[in-house]
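Here is a briefing on how two protein chains meet. Look at the sequence and structure first, then read the points below.

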Number of protein chains: 2
Amino acid sequence: MPYGYTGRILHVDLTTGTISDEHPSESFYRHTMGGSALGLHYLLKMVPPKADPLGPENVLVLSVGVLTGAPIGGLSRVIANAKSPLTGGIGDAEGGGFWPAELKFAGFDAIVVKGISPKPVYLYIKDGEAELRDASAVWGKITGESEAMLREAVGDKRAQVLQIGPAGEKGCKFGNILNMSTRACGRTGMGAVMGSKRLKAVVVRGTGRPEIADKDKVRELAKWGRDNLEESGAWGMQLHGTAGGINGLQETGALPTRNWSSGVFEGWEKIWGQTMTDTILTDRDTCYACVVRCKRVVETKEPFEVDPLYGGPEYETTASFGSYCGVDNLVAIAKANELCNKYGMDTISCGGTVAFAMDCYEQGILTQEDTGGLDLRFGNAEAMVAMVQRIADREGLGDLLAEGSYAAAQEIGHGAEDLAVTCHKQEYPAHVPQAKRSLGLIYAVNPFGADHMSSEHDPSYAPGGGESIERLSAIALNDPQDARSLNDEKVRFALTTQYVYSLLDSLGTCMFVWGPTWQLYDMEQLRELVEAITGWRTSLYELLMVGQRRLNMMRVFNAREGIAREQDMLPKKGFIKLAGGATDGVGIEETDFLQARERYYAMAGWDENGVPTEGTLRKLGLEWLVD
Amino acid sequence: MPYGYTGRILHVDLTTGTISDEHPSESFYRHTMGGSALGLHYLLKMVPPKADPLGPENVLVLSVGVLTGAPIGGLSRVIANAKSPLTGGIGDAEGGGFWPAELKFAGFDAIVVKGISPKPVYLYIKDGEAELRDASAVWGKITGESEAMLREAVGDKRAQVLQIGPAGEKGCKFGNILNMSTRACGRTGMGAVMGSKRLKAVVVRGTGRPEIADKDKVRELAKWGRDNLEESGAWGMQLHGTAGGINGLQETGALPTRNWSSGVFEGWEKIWGQTMTDTILTDRDTCYACVVRCKRVVETKEPFEVDPLYGGPEYETTASFGSYCGVDNLVAIAKANELCNKYGMDTISCGGTVAFAMDCYEQGILTQEDTGGLDLRFGNAEAMVAMVQRIADREGLGDLLAEGSYAAAQEIGHGAEDLAVTCHKQEYPAHVPQAKRSLGLIYAVNPFGADHMSSEHDPSYAPGGGESIERLSAIALNDPQDARSLNDEKVRFALTTQYVYSLLDSLGTCMFVWGPTWQLYDMEQLRELVEAITGWRTSLYELLMVGQRRLNMMRVFNAREGIAREQDMLPKKGFIKLAGGATDGVGIEETDFLQARERYYAMAGWDENGVPTEGTLRKLGLEWLVD
């Protein structure tokens, strides 16, 4: 076959303990590019509407893209899809590391898991063979310990371990799935689904290598990446990690502070990536074959002891446990990050939920009695860290907060509902919609809830926006210069770049390496890479149709669950006028938002309820989804 | 400016005799790529609904693309747009030659002509300067004479002349616009519009050269073209011209015969391109910088004298005066071609109209009295040639036939209406919809009527279809294997490749050189060329959005005229079962066609009446066309 993957899908029924495999056609891979669109295909075929996300009918698909396994950076990504226990709609989360490449080396593109195992198990895959094994010994263990024990159990130090932590086992609605105890498929509670199935881990070892149609071209692109790294936007990622951009966000009033009341945080410099570099950073880590090395490793003793095994905080983590909570203590943030990685929790939703609880506490909706004695005011680093541990342990208020801020707010009542900052019940990531308008629209309409990696951030607002527009115009032909508007240009920009990022989640590429603006490689180089690896003569038109296809598959999945326009909404705090800094007094007019949403639906080819029309589905080759 | 065109539009008001120019922004060029989409922009802004196509309110735009003028083949194309007197809707026609490159060398990208001159004039453009001059001396002259006289008048043998012939002057509804007396903007009667304005010609001379962002890359692509010509599908064009494929069409039952009653013609070998090569061919001609050399030159003395100045017949011409009319006399076909080029008539519509008249004659609807004594039976070569001359002269029945077969049929009555083979009142080009299903759909829905260069022909049916699908999949990701169906795959294929060809008409590229299947260069090379010439980092996604934009602009233009679903129909003969050969007994079921049309509208983002929805217009940056 003239393309670079093995073409095997592993099917696992945990209820019966049976395993089988499938060899899809080339056109199936080309239609989906692997990854998220491939996962959605199985979910739409296998999961009945209204299925319990934590019940046996839900299906969890772990997949890689058609590019994964090639020796060049930004391709080793695993995508988790299932019905989400957090949002009630489609779930989707991506993570890096070495496990994704290892799965390809072992001969598989995806694992489709259904049913519930009668007892905890793990799946062991080695070079084309797979078996389910007893996981009693590691059930309940934190990720670092579990990983070591599983490698010991299979007798292979080079085995890669993808797993859930105790939070996922206990059904925390933002439980995640990690490999290397640091690379998380973070969002939408995919770890809770895996936990509900009593599947602790997937341990993989492979010694094969996928075929590559044009090895010279891949080598040439890899060399180009090494040669141009220092001039690219990705270089800052290596130097100071993703938190290196906090200064720009502070400057533009786009740093979410004290549960989204402000876009500026007076303690920003203390939690800045540069500060991390100068203080607690001990190493920079990477994923398979990647030269960017954006991952942080930190080690601290005081006031909290942080184990370097669990890495260091990303920007998202830094903001959610930092500025969201008014906390300017970087060591406390690093500790919260370590706890999330030990117990397997999404740092964004966890931090957002703690910030929500702090807001409730500040406003007297929660008392010290409710918090089990914690003085949960904004800025209290110790209370923040303690609350993270309680969520992981589901202890006291932590048990409720483990359901996520939306569900907790419903339970708490008394105005708490107005303080949960979620779309589709999922907590905002760390970018302010009042500042980045088109991103705010995507928060609302994105099928798996508020997300910062499902479209490009407004280049009109971000520093360096001029150059971004220049490069993006090749994709979107937009000129969204007006920072404060949600006009047609902004909506078109949002939708078009949503197709781009939707594609990246199917190809399984890292958005710090391949993408439309500030990444190391641009979209045309990505097209060349697809051609070089698969041997397909492709175009960005074909590729963006895959992105569009995935987005529409997600909308159909949600429509079957009754999720559509009514849920495509910003929370109350998403509209408020922010206080201080460059966005002082800046809110979002609800009428503007509703008009933009209406136009977004229309441009996307959806009906007024936000459901793909028959024509749109047929255009995308999804006629099998027409009812 | 980092792009390779001068960015000047010439505006001419013939009523007042005033001339001005305009320097549009870079984004305007990028939004349209020049050519047809640029022309449509002016028509939509300037022509009021219900304007008389031959009145002063109509506007004629002559344009070239952003690539035109670069020293590589297939870029020297002129596009004519105006409201069509033939169809009553949007008009659009493209032609090659040297004039298009010369216009760019003279510093202009387009000429926008409005009003009606009180007396015959021609426009003379030299190196950035333009003036209107008296054309009394050449008014009424055949093209070859007029061209020589105009070169003499401006005192420059190297001046390029774009002009109409006597047919356009006399309002023949399929009057065309030619340069070199051979390169025609053939279809939709653009010559009649130019004639109604009393604009005989545009004479151009330029000594400048457009800037090119990356000359080395253009040179590299040109060299690649030379090196790979003999292995490409374009090589057959050089050897035997476009009529070299007649054997394949005969074999597959796709050669239109005796006014579309059959897909096979027993005299096919006598009119075949190979036969032309072996008999009457004297030379091969080309357009600016092109290595393909597809143009024929023929010379004959008996039984008709054909002047080589007027070239030789294309496949379309060969079929329309040949198999359409049951004529197997290649010299007669060459004569009809020469007459069309002398008098300025579209060979497809002219031949189709003669074939229609022959069908009427055979069925007794027209008599020898009506025909002025001509025995207009199928196969009578002399009568065919005589009738072409009478149409050019508007003599007798020729005066009526000069209105086109649709209008003539309405006038003739008595069942003649069922014998006119038109879509949107324009005669079918020489490809059989019963054989090429997706093309048949495009015949019906194409905004400027039946056309064979507005989408790709079914690769499932054409010989070599396997390879075509392989190359096309990079654009359309289709698998339209089922020759006899009009299923979703076929509709998707039709729509997607319509975007491709719509783009090519805006870029102003020749479809024998750049395109998705059998051309010399493929679409990815075209993308590279756009980048090399303009300096824009572009993508096939951006480019196909231009194609989509142009198509939607045309649909809006027609909707304003009240032209929509009702006109998107095949004629009665389009549905009939063909007789003989591989398509014996093959018709099109009207229910299949109507379902395909409905799905085509839906996939295109149009309402059930075939009008672009507001969302589709906004998606394409055409919000100014939302009513």
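**The interface of chain B and chain A**

Arg527(A) and Glu524(B) join their side chains in a salt bridge, 2.6 Å from N to O. A salt bridge here is a side-chain nitrogen of Lys or Arg within 4 Å of a carboxyl oxygen of Asp or Glu. The model is predicted: local features need pLDDT of at least 70, side-chain atom pairs count only at pLDDT 80 or more, and totals for chains, interfaces and linings use all residues. Residues are numbered from 1 along each chain as its sequence is written, chains are lettered from A in the order in which they are written, and side-chain values use heavy atoms, without hydrogens and water.

**Bonds and elements**
- Eight salt bridges are counted between chain B and chain A.
- On chain B, the elements that give two or more residues to this side include H1 (26–32), H19 (465–476) and H22 (540–560); helices are DSSP runs (H or I, at least four residues), numbered from the N terminus.
- H22(B) gives the largest share, five residues.

**Extent**
- Contact (heavy atoms within 4.5 Å) takes 31 residues from chain B and 31 residues from chain A.
- The two chains bury about 3,000 Å² between them, 53% of it on carbon and sulfur atoms. Buried area is the accessible area (1.4 Å probe) lost on being put together, summed over both parts.
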